[in-house]
Amino acid sequence: MVRLRWQCLLCGSVRAVETHLLGKTNFGSPGGVTTQDHYVRQLWHITYVFAVPIGLIVLGGIVWCMIRYRVRPGHDRTPSQFQYHIPIEATYTIVPLVIVAIVFGYMYNAENHVDAIAKNPAVAITVEGFQWGWRFTYPNGHEEVGTVANELDINSNDNLPVLFMPAGETVQLHLVSDDVIHTFYVPEFLFQRDLIPGINNVVDFNVIKPGLYSGQCNNICGVYHAYMRFLVQVMPVAEYNAWYAQQPAGSITTAGVPAQS
Amino acid sequence: MTLIQDRPEEHLVHEPVLMEIVPGPRPRGLVKYITSTDHKQIGLNYLVTSFIGFLFAGLLAEGIRTQLIVPNNHFVTESVYNQLFTMHGTIMLFVFLGPFAFAGLGNYLIPLMIGAPDMAFPRFNNLSYWLYLGGFLVMSCGFLTNNGAANFGWFGYAPLTEAIHSPGPGADMWIIGVALTGFSGIFTAVNIITTIFTLRAPGMVMFRMPVFVWNQLVTMFLLLLAFPVLTAAFALLWIDRHLDGHFYDPTHGGQPILWQNLFWFFGHPEVYILALPYFGIVTEVLATMSKKPVFGYKGMIGATLSIGALSMGVWAHHMYTTGAVLLPFFAALSLLIAVPTGIKFFNWIGTMWRGTITLNTAFLFCCGFLVMFLFGGITGIILAQPVLDFQLHNTYFIVAHFHYVMFGGSAFAGLGGIYYWYPKMTGRMMDERLGKLSFLVLLIGFNLCFFPQHDLGLRGMPRRIETYNAGMGWNFLNMISSIGAYIAGIGVLLTVINLFYSYRRGQIAGDNPWDGQTLEWACSSPPPDHNFEALPPIRSERPVWDANHPDQLTKVGH
Amino acid sequence: MKVEWRTVLGASLFLGATALVYGAYKNHPVEASGVTMLAFGFFAYGLLFGYLLLVYLRRDRIPRPEDRFDATSADGEGEVGYFPNASIWPAAMGLGMIIGVVGFIYGLWFTIIGGVLFFGAVFGWMTEAEAATEVPLTEDEEDTATAAGHPGHIDAHPEHID
């Protein structure tokens, strides 16, 4: 009875801290744009809830010892030579084990949601990475391509390949590499996945918030790795359908290269 | 030659006579550095060489930070930048952090701490040093080649490392250089394990060895398992590059992910190899400077064994984003490692608790270790969770995490070890004011450099990029980080100056300037050939403390 | 040797258990390299464990001085081992190995030179002990050699400084 109440109290306070205190801060991390975001944020909050108090306790212990037990002139005594204390040692073995188990539980749940692959996505796009650029291929064969050759300089977002996606729908990306390992990384989606030659990774996104997001290759892939960037244009469904209808089957749009008429 | 004061004469028994089989005078001068098989000389060779590696790789790091101080910078070209970070990582890990701890301090101190006259295989020890030096030189000579040194990151993922994508001898010299240091490490591991198992002094049972020696033992076990796997991975890579193999080549049925599995099976124990000996240093320094025994000695050893064991099963947490690993298994084991590490932290606090603490440079560096490794460990817990790793992998958050544990953690502890054992090795104390200044500058510089990188990673800045878009919101943090790097460089320089200054001008140290507790403080500074004229009785894990403080004997039998 | 073989046994069993769990749990298709490396670790440490256990069973029924809680230095009397003072052969062998492997990059002739040096060093190393004679050092020789071999000027009989 008492134990149950104690657990409820713990859960309640964790949730309270989560909503009122931590819900307001991201420490610079972007996010809030996909449906997966909720799970990532929850894990961050769980981590803070455990890591901050433990960190403060340990840090406090260290600083306390440095200040309080400093040798002072005239007080050069030999301190009490205690060597062990089984109850304390047992406590700080078992409590962290319990905490780790709790964190793992939340993590396992989150991972199942984030990694899930839908059977019937709204759109399936092939994302192809190569040295040094991206090619996004749509179901009707239309390609959006961009290479570093056409990029102006690192400060410009012109001439980057654009991945068009509908908002609010499940978009499935098939990740393919032509040569070496690249990584598809969109910081605002709080997600990345490797493009490994020979392995076809599949990931699902459901981006709630329309907008233009910046993406980057996130695995060293050669000399121009830093320039292997792309943009993700997430549009409301109607707008996306309108755009898609305008792309002829099998056509290729190369960023930075004017279309041949 | 070396007596411990106030010890009754009847406890003095002379060491058994060591038979000198090789005739002729002891080596002098330059020849001494080449041919000596004395573990102390070889240890010093390693310490000096690894520290030079530290300085060299540090210069490469300053180059990296200079390139990143403003967006769209042109301090170095893309190709050179890739070489800078690759060789910075490779040299820091394979030439500095590892060998400094297990080959430098390990070789020097392990025989002293267990009461042995030398290592079990002295000539083999010498060979290990030459292979190590050769490896360092070969990998660094990559810079002198036309295509430059290796430029694919210190973990060299295939297929980027295949001949078609990384032509030129720089990559081959990297492979051979790292393989040579690997063999050196394996030979040292054989030597150290044999020494610990067979050459302990009478009464020095395994559970009376200093925690430093236990940590080295576990490190050597990890090394024995990990480096052969790396060598195998390199062998397959060599066959791919030069003998028309296709192990990692997907166009002919090979598997790039095989390289990652092999490399990280080595790579994760490797980072624990780079951490565990430094835990040992911290334990020794904290205990001595607090004038207390190690708190929870058996718990410490158990925790070290657990960390060592678990580290062999978590390699794929470096591969979460490949989509090809069993996430729950590795997440569970990675989170579990936090538990024994936490035990060690609480035991360190317990060691300091209610002690009489001398806040000298060695102690300050070890406290710096405690604080910064704590932080690095917590960010490690964050990264152990796959879903959070999907956000943060290969960003500056990871860079911040591993620099907190490797630099703020291990390197700080290593510097603490230098300040602690320099008197034993040279007979002179290091200058305390210069040391404390070095600590302060290094602390400020390090944190200024790497703390902002957590936020850079949260904001999505990838690692290993030679420059970045000015509109991403990363400019200010990068600038602070680079300024911090320069300050940290000054901090290191102050210790280097201290090392040279104290060699000639340092106060004479004597046998036991710190009232040290373990056997290395029972002989002269520096110790004579074959270490011990006579040994104090070994009745606990603190034989020298017991001999010097007979009213405060260490309790045994618990 | 008891603690030694128990430690190694622990490592071996842990690796074996991890190999089993990793191989069996939800691993479809089985990630072969990981299971292989863990299983190999199990066997490798098992080998070391077996040897240490054998030594323990055959030789250490009467504990060695370093395994006895109450041993004194007198118990360790006698020859400790062969500790050669200095030798050129490790450096020669190292040079041979380094030149040899650099030959993999720059040409087989390098490897041949390195190989010759290597095998020459092997021969020298192995026959070094035979070539020498047993010469126990006198106290004076030890004193002089020790005092001369250290950096800086260190008094051979320093005052005990705390």
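# A walk through chains A, B and C

Start by selecting A:Trp132, which sits in the loop between β1 (123-130) and β2 (133-137) of chain A. Helices (H or I, at least four residues) and strands (E, at least two) are DSSP runs, numbered from the N terminus. Before you go on, note that this is a predicted model: local features need pLDDT of at least 70, side-chain atom pairs count only at pLDDT 80 or more, and totals for chains, interfaces and linings use all residues. To find your way, residues are numbered from 1 along each chain as its sequence is written, while chains are lettered from A and ligands numbered from 1 in the order in which they are written.

Most residues other than glycine have a negative phi, and most peptide bonds are trans. Now zoom in on the bond between A:Gln131 and A:Trp132: it is cis, with omega about 0 degrees. Hop to chain B for another cis bond, joining B:Ala158 and B:Pro159 with omega about -5 degrees. B:Pro159 lies in the loop between α4 (122-140) and α5 (169-198) of chain B.

Next, pick B:Arg354, in the loop between α11 and α12 of chain B. It isn't a glycine, yet its phi is positive, about 60 degrees. Then try B:Asn394, in the loop between α13 and α14 (396-426) of chain B; its phi is positive too, near 60 degrees.

Is B:Asn394 buried or exposed? A residue counts as buried if 20 or more other C-beta atoms (placed from the backbone) lie within 10 Å of its own, exposed if 12 or fewer, and partly exposed in between. With 23 such atoms within 10 Å, B:Asn394 is buried. B:Arg354 has 15 and is therefore partly exposed.

**Where A meets B**

Show chains A and B together. Of the two pairs of chains in contact, A and B share the most contacts; two residues are in contact if their C-beta atoms, placed from the backbone, lie within 7 Å. Here 80 residues of chain B are in contact with 70 residues of chain A. On the chain B side, α11(B) gives the largest share, eight residues. That side divides into 44 nonpolar, 27 polar and nine charged residues, where Ala, Val, Leu, Ile, Met, Phe, Trp, Tyr, Cys and Pro count as nonpolar, Asp, Glu, Lys and Arg as charged, and the others, Gly among them, as polar.

**Into the core**

A nonpolar core is a set of buried Ala, Val, Leu, Ile, Met, Phe, Trp, Tyr and Cys residues joined through C-beta atoms within 7 Å. In the largest one, of 294 residues, those touching the most other members are B:Ile114, B:Val282, B:Phe365, B:Cys366 and B:Phe369. The largest share of this core, 22 residues, comes from α3(B). Click B:Val282 and look for B:Trp348, B:Cys366, B:Phe369 and B:Ala413, which it touches, leaving aside residues up to four places away in sequence.

**Last stop: chain C**

Chain C does not touch chain A; their nearest C-alpha atoms are 13 Å apart. Select α2 (residues 32-59) of chain C. Buried residues in α2(C) include C:Gly34, C:Phe42 and C:Leu52. What covers the buried residues of α2(C)? Look for α6 (211-242) and α7 of chain B, plus α1 (2-24) of chain C, among the covering elements.
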